[in-house]
Amino acid sequence: MLDARSPLGLDVRFERDSVVLSEAGGFTLTQVAGDDKVLKKALGKLPAKVGAVVEHEARSIFRVGAKQFWVLGKNLSASEGIYVTPLSSGRTRILLEGPRAR
């Protein structure tokens, strides 16, 4: 089994000219698919249009397609009519900070 590691390399913090680039870890991203009625029961409020996002119960829910959502935050388990694919290990969030960062 391969070990998970940052795509930024071993040193995940770079500083130059008052700008710091680092990895913002510790997040859970899951793709969820299923009928809107079933998903609404499990997630609560759902975004109406592709590209829209809704904040609900410590989750950010993004509609990425018909009957498909990305959920950032608390995990959701697969159940009858809900299909779950973990995406966290295939994604990296980059944090840019410092006095010269915009």
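Visitor: Which residue forms a salt bridge with R16, and how far apart are the closest N and O atoms?

Guide: Side chains of opposite charge can pair when their charged atoms come close. The term salt bridge is used here for a side-chain nitrogen of Lys or Arg within 4 Å of a carboxyl oxygen of Asp or Glu, and R16 forms one with D17, the closest N and O atoms being 3.8 Å apart. This is a predicted model, in which local features need pLDDT of at least 70 and side-chain atom pairs count only at pLDDT 80 or more, while totals for chains, interfaces and linings use all residues. Residues are numbered from 1 along each chain as its sequence is written, and side-chain values use heavy atoms, with hydrogens and water left out.

Visitor: Is R16 buried or exposed?

Guide: Buried means under 20% relative accessible area, exposed means over 50%, and partly exposed lies in between, with a 1.4 Å probe and protein chains only. By that reading R16 is exposed, with a relative accessible area of 66%, and D17 is exposed at 51%.

Visitor: How many salt bridges does a search of the whole structure find?

Guide: The search finds two, and one of them joins R63 and D36, with the closest N and O atoms 3.2 Å apart. Helices (H or I, at least four residues) and strands (E, at least two) are DSSP runs, numbered from the N terminus. R63 lies in strand β5 (residues 59-65) and D36 in helix α1 (residues 36-43), so the pair ties together parts that are 27 residues apart in sequence. R63 is buried, with a relative accessible area of 10%, whereas D36 is partly exposed at 30%.

Visitor: In what order do the five strands form the open sheet?

Guide: Two strands pair if DSSP finds at least two bridges between them. Here the order is β4-β5-β6-β3-β7, and the pairing is antiparallel. Strands β4 (53-56) and β7 (82-86) stand at the edges with a single partner strand each, so one side of each is left without a neighbour in the sheet.

Visitor: Where in the structure is T30 found, and what does T30 touch?

Guide: T30 is found in strand β3 (residues 29-34), which pairs with strand β6 (residues 68-73) in the antiparallel sense over five bridges. The bridge partner of T30 in β6 is V71. T30 is buried, with a relative accessible area of 5%. Contact means heavy atoms within 4.5 Å; not counting residues up to four places away in sequence, T30 touches F69, W70, V71, N75, V84, T85, P86 and L87.
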